[in-house]
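Welcome! Have the sequence and the 3D view ready, and let's walk through this protein topic by topic.

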Amino acid sequence: MIEISNFSFRYREGAEPVVRDVSLAIPDGCFVGITGPAGSGKSTLTYAVNGIIPHCYPGDFYGAVTVDGLDTVEASLTDISRLVGSVCQDIDSQMVATVVEDEVLYGLENFGVPRDEIPARVDEALAAMGISDLRHRTIDSLSGGQKQKVAVASVVALRPRVLVLDEPTAELDPASSVAVFDLLSRYAREHGTTVIVVEQKIALLSDYADMLVIVDGGQVRYAGAPDEVLAHSDELLALGVNCPRATTLVNALAREGLYAGPVARNVAQAAAACREVIA
């Protein structure tokens with residue numbers, strides 16, 4: 001679905017490239033988690049996928065980025081937006097309406113979706129995010145988690161092939177963060193949507209992602225299935241990426257030759273590993 005080939009980018013006002021020589025292939029329908037230290041180039045990488053770079057942020061663009069065969073440099077931002085839906089970190093800046101239903105309607109009307117399709121799409125998007133009861137609420141009366149779900153609903157109503165979210169749980173408590181990821185994961189499975197999430201909470205990503213991508217210094221340091229990436233917990237810590245404690249513990253047992261099973265991504269898996277070691 002997404003092919004990034006030898007991609008480098010330097011913002012016009014920057015002295016050095018923010019992303020350097022990145023190559024990455026993302027399969028159709030894959031749930032991808034991108035994480036790394038602050039300022040590592042994570043957001044810039046997603047901007048290249050949704051066309052914000054180079055259409056909104058000019059600079060020196062090298063290499064190629066294609067989404068479903070569409071070159072993001074040669075295609076218009078409008079054409080890319082029909083294929084890639086984006087939810088930014090600052091949700092309030094993305095809202096354009098005062099009422100939830102109108103927020104979901106906005107994109108559908110702007111993209112010229114046939115009038116007779118619109119009601120069903122609005123109903124489907126609100127139901128998919130579990131917020132049908134918020135349809136007539138004003139945006140300013142919603143909690144941070146509810147706003148997040150409205151923003152996602154307004155994007156999925158357009159039925160994009162790819163969904164890109166930049167730190168969608170940054171302002172949410174743990175329970176709300178899990179709820180958002182539950183919704184995203186279910187939606188991706190049911191619709192075959194490719195989902196890319198930039199997120200600092202690697203434990204959360206590890207439980208949901210099919211692929212983890214670790215970015216540092218503008219380069220992809222690790223990319224693969226969560227178990228493959230989390231096996232490098234010491235190296236990740238050196239990069240400033242804190243793995244789940246459960247992972248660190250089980251990896252330490254493995255280094256000592258006490259455990260030879262799979263990487264633990266959560267407390268339940270770590271407990272099972274410890275029971276095996278004790279036995």
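Asp123 is partly exposed, with a relative accessible area of 37%; here buried means under 20% relative accessible area, exposed means over 50%, and partly exposed is in between, using a 1.4 Å probe and protein chains only. This is a predicted model, in which local features need pLDDT of at least 70, side-chain atom pairs count only at pLDDT 80 or more, and totals for chains, interfaces and linings use all residues. Residues are numbered from 1 along each chain as its sequence is written, and side-chain values use heavy atoms, with hydrogens and water left out.

**Salt bridges**

- Side chains of opposite charge can pair when their charged atoms come close.
- Asp123 is one such partner: its side chain meets that of Arg135 in a salt bridge, at 2.2 Å from N to O. A salt bridge is a side-chain nitrogen of Lys or Arg within 4 Å of a carboxyl oxygen of Asp or Glu.
- Asp123 sits in helix H6 and Arg135 in the loop between H6 and H7, so this pair ties together parts that are 12 residues apart in sequence. Helices (H or I, at least four residues) and strands (E, at least two) are DSSP runs, numbered from the N terminus.
- Arg135 also forms a salt bridge with Glu101, at 2.7 Å from N to O. Glu101 belongs to helix H5 (residues 100-110), while Arg135 lies in the loop between H6 and helix H7 (144-156), so the pair links parts that are 34 residues apart in sequence.
- Another salt bridge joins the side chains of Arg221 and Asp216, at 3.6 Å from N to O. Arg221 is partly exposed at 38% relative accessibility, whereas Asp216 is buried, with a relative accessible area of 18%.
- How many salt bridges does the structure hold? There are 12.

**Nonpolar cores**

- In soluble globular proteins, nonpolar side chains tend to be buried together.
- The largest nonpolar core has 50 residues, and Phe31, Met129, Val152, Leu163, Leu165, Leu184 and Val197 touch the most other members. A nonpolar core is a set of buried Ala, Val, Leu, Ile, Met, Phe, Trp, Tyr and Cys residues joined through side-chain atoms within 4.5 Å.
- Another core, of 32 residues, lies apart from the largest one and includes Phe9, Cys30, Leu45 and Val49.
- Which residues does Val152 contact, leaving aside its neighbours within four places in sequence? They are Val87, Met129, Leu163, Leu165 and Leu184, where contact means heavy atoms within 4.5 Å.

**Cavities**

- The structure holds 2 cavities of 30 Å³ or more. On a 1 Å grid over the protein atoms alone, a cavity is a set of points where a 1.4 Å probe fits but cannot get out, and lining residues have an atom within 4 Å of a point.
- About 40 Å³ of space lies in the largest cavity; a volume is the space filled by probe spheres set on the grid points, which are joined across faces, edges and corners.
- Ile4, Leu24, Ile26, Ile34, Leu45, Thr46, Val49 and Ile196 form the lining of the largest cavity.
- Strand E2 (19-26) and helix H1 (42-50) each supply at least two residues of that lining, and H1 gives the most, with 3 residues.
- By class, the lining of the largest cavity has 7 nonpolar residues, 1 polar and no charged. Ala, Val, Leu, Ile, Met, Phe, Trp, Tyr, Cys and Pro count as nonpolar, Asp, Glu, Lys and Arg as charged, and the others, Gly among them, as polar.
- The second largest cavity holds about 30 Å³ of space, and its lining consists of Arg121, Glu124, Ala125, Val156, Ala157, Arg159 and Tyr187.
- Helix H6 (residues 118-128) gives the most to the lining of the second largest cavity, with 3 residues. This lining has 4 nonpolar, no polar and 3 charged residues.

**Backbone details**

- Most residues other than glycine have a negative phi, and most peptide bonds are trans.
- The peptide bond from Ile53 to Pro54 is cis, with omega near 10°, and Pro54 is found in helix H2 (residues 52-55).
- Asp21, in strand E2, has a positive phi near 50°.
- Glu167 also has a positive phi, near 50°. Glu167 lies in the loop between strand E7 (162-166) and helix H8 (174-191), and counts as buried at 15% relative accessibility.

Notes: 1 Å grid on protein atoms, 1.4 Å probe; cavity = no way out; pocket = protein on both sides within 12 Å on 5 of 7 lines; lining within 4 Å.
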